[in-house]
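Below are some notes on the fold, taken point by point. Please read them with the model open.

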Amino acid sequence: MARILVLDDEATIRFVVSRVLEGAGHEVVALGSGREALELLAKDAHFDVFLMDLRVGDMTGRTLLTSLREWLPVIDFQIAVLTGAVDTDEAFPPPDWYQGLLRKPFKLAELKDLVERLVNSHA
């Protein structure tokens, strides 16, 4: 079982991703804003995987990961980007800042495969 943080401003996506991953035996914390994610991670960064949308209303993925990299000397979890944005979008962080990418809309089997790969990489 892995501990997974899901960040997406769309409640439906948070709900579906959470249910699928919980059904696979994982513990899931789902949040809807970048500020919530930063506040949580400042107190508790003990996650195995962080699944994040690049646009969550209050900040971009690049901004969020820049802040994380400033706060945490070592990011000890795998990061995957879940997005409908294109690679040239200014929200995209540099490729070496994340370990997985899943384009919306995605199939639930793709989500499960990605998480399994990231959990195994983290172990």
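1. H2 passes H3 in a right-handed crossing. This is a predicted model, and the remarks that follow should be read as describing that prediction. Helix H2 covers residues 34-43, and its axis lies 11 Å from that of H3, at an angle of about 15°. Angles under 35 degrees count as roughly parallel, so H2 and H3 are roughly parallel to each other.

2. Which residues make up the contact between H2 and H3? From H2 come Gly34, Ala37, Leu38, Leu41 and Ala42, and these meet Leu64, Ser67, Leu68 and Trp71 of H3. By class, the contact of H2 with H3 holds seven nonpolar residues, two polar ones and no charged ones.

3. Helix H1 spans residues 11-23 and helix H4 residues 108-122; their axes come within 11 Å and cross at roughly 60°. H1 and H4 are therefore oblique to each other. The crossing of H1 past H4 is right-handed.

4. On the H1 side, the residues in contact are Val16, Val17, Val20 and Leu21, while H4 supplies Leu108, Leu111, Lys112 and Val115. Seven residues of the contact of H1 with H4 are nonpolar, none is polar and one is charged.

5. Now the sheet. Five strands form an open sheet in the order E2-E1-E3-E4-E5, and the pairing is parallel. Strand E2 (27-31) and strand E5 (100-103) are at the edges with a single partner strand each, so one side of each has no neighbour in the sheet. On average, and with direction ignored, neighbouring strands of this sheet are turned by 15° against each other.

6. How many bridges join E1 to E2? Strand E1 (residues 3-7) is joined to E2 by five bridges, and the two strands run parallel. Ile4 has Val28 in E2 as its bridge partner. Helix H3 (residues 61-71) packs on the sheet, where it touches E1, strand E3 (49-53) and strand E4 (78-83). The direction of H3 makes about 145° with that of E3. H4 also packs on the sheet, touching E1, E3, E4 and E5, and its direction makes about 175° with that of E5.

7. Arg3 lies in strand E1. Apart from neighbours within four places in sequence, Arg3 is in contact with Glu27, Val29, Asp44, His46, Phe47, Asp48 and Val49. One of these, Val49, is 46 residues from Arg3 in sequence, yet their C-alpha atoms are 6.7 Å apart in space.

8. Side chains of opposite charge can pair when their charged atoms come close. The model has seven salt bridges. One of them joins Glu27 to Arg3, with the closest N and O atoms 3.2 Å apart. That pair links distant parts of the chain, since Glu27 is in strand E2 and Arg3 in strand E1, 24 residues apart.

9. A last point concerns the backbone. Is the peptide bond from Lys104 to Pro105 cis or trans? This bond is cis, with omega near -5°. Pro105 lies in the loop between E5 and H4.

Definitions and conventions
Residues are numbered from 1 along each chain as its sequence is written. This is a predicted model: local features need pLDDT of at least 70, side-chain atom pairs count only at pLDDT 80 or more; totals for chains, interfaces and linings use all residues. Side-chain values use heavy atoms; hydrogens and water are left out. Axes are lines fitted to C-alpha atoms, for helices over the stretch in contact, and angles run from 0 to 180 degrees between N-to-C directions. Helices (H or I, at least four residues) and strands (E, at least two) are DSSP runs, numbered from the N terminus. Angles under 35 degrees count as roughly parallel, over 145 as roughly antiparallel, 65 to 115 as roughly perpendicular and the rest as oblique. A crossing is left-handed if the near helix is turned anticlockwise from the far one by less than a right angle, and right-handed if clockwise. Contact means heavy atoms within 4.5 Å. Ala, Val, Leu, Ile, Met, Phe, Trp, Tyr, Cys and Pro count as nonpolar, Asp, Glu, Lys and Arg as charged, and the others, Gly among them, as polar. Two strands pair if DSSP finds at least two bridges between them. A salt bridge is a side-chain nitrogen of Lys or Arg within 4 Å of a carboxyl oxygen of Asp or Glu.
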